[in-house]
Amino acid sequence: MIFASTEFLFVFLPIFIFIYFLMPGRSLKNTALFCFSVIFYAWGEPVYVFLILISMLANYILGLLIGNTKSRIYKKLLLSSAIFFNIAVIGYFKYTNFIIDNINSLTGLNISERNIALPIGISFFTFQIITYVIDVYRGDAVVQKNPIYLGSYIFAFPQLIAGPIVRYQTVAEEIMSRKTSIEDFSYGLRRFMTGFSKKVLIANNMGTVVDAILNHSPETYGMLGGWIAAVGYTLQIYFDFSGYSDMAIGLGRMLGFHYLENFNYPYISKSVTEFWRRWHISLSTFFRDYVYIPMGGNRVSSVRWILNIFTVWFLTGLWHGASWNFVVWGLYYGILLLFEKLVLGRINIAVPATLKHLYAIFCIVIGWILFRQENLSMIPKMLCGLFGGYGIGNVDFLVYVQVIRVKYIVAFAVGIAASVPIIPFLSSKLSDSPLGSFAKIAGDLLLISAFLLSIGFILLGSYNPFIYFKF
């Protein structure tokens with residue numbers, strides 16, 4: 001089940017909200033959240049819901065053992081066992097056939113692939129479970145003795161299948177005791193409608209344009225079509241994932257949880273380093289706090305530091321999918337970040353902010369080409385097409401694939417405008433002015449209109465993919 005569906009909007013969510021707020025006390029509310037979250041996942045993954053239940057039970061027991069032992073050696077052994085178990089789960093389901101394919105390619109063997117379906121959201125909920133056992137080990141969180149409470153964290157449907165990656169210590173206190181208010185519920189509802197509209201009106205329309213163009217060869221769509229597809233995908237993946245994060249944060253706030261922000265207008269960045277402080281913040285901080293810093297971070301020799309950077313970005317790429325293009329994408333960013341730190345950071349020349357921004361956007365767009373194209377042999381062709389290797393391209397092709405339509409042009413323009421913090425800027429300027437109340441009402445009416453329009457698109461069965469499901 002996905003948020004942008006009629007089943008979720010008109011069946012699951014209303015019933016859950018009614019029952020959840022009917023339950024008195026945190027214990028029954030957590031039980032309701034846990035049970036409905038199991039139903040939410042089982043709706044689309046009836047078999048793999050048992051995988052999460054088994055994983056939850058194993059980590060619950062390991063967490064208890066880690067939290068209750070005083071032996072440092074025993075604690076390390078238990079933590080190692082927990083991490084090994086969780087990595088083994090994600091490794092088996094996500095990377096078994098990838099490993100088999102590479103063994104066959106390198107050795108000439110013909111090992112048969114396994115018939116393994118990828119559980120939705122396995123990368124997200126596995127990383128969340130890892131944060132729990134590590135936080136308990138470090139003493140950053142108190143071990144959770146109630147399995148239903150732990151399950152309400154691991155299974156919480158707002159962020160179960162596509163993040164953000166919510167660290168246990170972030171919500172540990174709210175699992176035990178949280179309050180809901182009209183203000184929080186109203187904010188959460190607005191945030192949910194915002195994310196829903198971003199996903200349906202911008203990301204889905206951009207996805208249609210991108211697929212229509214990239215279903216043809218670079219020789220066919222040329223430079224014009226290539227850049228429209230590249231920028232379109234840049235918008236699609238941002239509004240697809242940030243829209244889902246908005247919905248997750250909004251749903252969490254409606255229930256009394258304060259999830260941390262996952263995006264902060266990444267496309268206004270003036271460097272790749274800044275981009276990764278603004279994009280998928282929960283993943284960046286996970287790798288920083290649970291991989292990079294434990295490896296020594298930058299408090300080691302230069303060679304070891306560079307190795308740490310490449311290790312983190314190799315794993316970041318591999319986390320996104322069992323395909324070499326994701327590894328190439330991750331290492332691409334590792335190289336760019338090292339370039340900025342070792343070269344650009346040492347050049348004492350004043351560079352205009354506009355040039356810095358253009359440099360960052362160029363790097364980001366090229367990165368998304370690597371990310372989207374799983375066939376490595378196609379990447380050089382796509383890049384060649386972007387830079388005129390197959391001609392400028394023509395409008396006739398765009399007319400042929402039906403991407404020159406008003407709704408796509410509007411979605412493209414709105415997507416670019418919404419990628420910069422125009423609305424927060426206007427809100428701050430108008431909040432203390434006589435027009436503040438009017439602007440707020442107008443903004444709510446506009447949001448409701450966009451939300452209703454989005455529902456209309458869903459009811460009509462419009463194109464509704466979700467990029468991050470496979471991660």
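Helices (H or I, at least four residues) and strands (E, at least two) are taken here as DSSP runs, numbered from the N terminus. The model is predicted, so local features need pLDDT of at least 70 and side-chain atom pairs count only at pLDDT 80 or more, while totals for chains, interfaces and linings use all residues. Residues are numbered from 1 along each chain as its sequence is written, and side-chain values use heavy atoms, with hydrogens and water left out.

Glutamine 402 sits in the loop between α16 (395–400) and α17 (406–418), and its phi is near 60°, a positive value in a residue other than glycine. Glutamine 402 is exposed, with a relative accessible area of 52%; exposed means over 50%, buried under 20%, and partly exposed in between (1.4 Å probe, protein chains only). Histidine 280, in the loop between α10 and α11, also has a positive phi, near 40°, but is buried at 0% relative accessibility.

Helix α12 comes next. Its 19 residues (302–320) reach 28 Å from the first C-alpha to the last, close to the 27 Å expected at 1.5 Å a residue, where the expected span is 1.5 Å times one less than the number of residues. Among its buried residues are Trp305, Ile309, Trp313 and Trp319. The buried residues of α12 pack against helices including α4 (72–107), α5 (122–138) and α14 (353–372), contact meaning heavy atoms within 4.5 Å.

Finally, the cysteines. The whole structure holds zero disulfides, a disulfide being a pair of cysteine sulfur atoms within 2.5 Å. Cysteine 363 is buried at 5%, and its sulfur lies 19 Å from the closest cysteine sulfur, in cysteine 384, too far for a bond.
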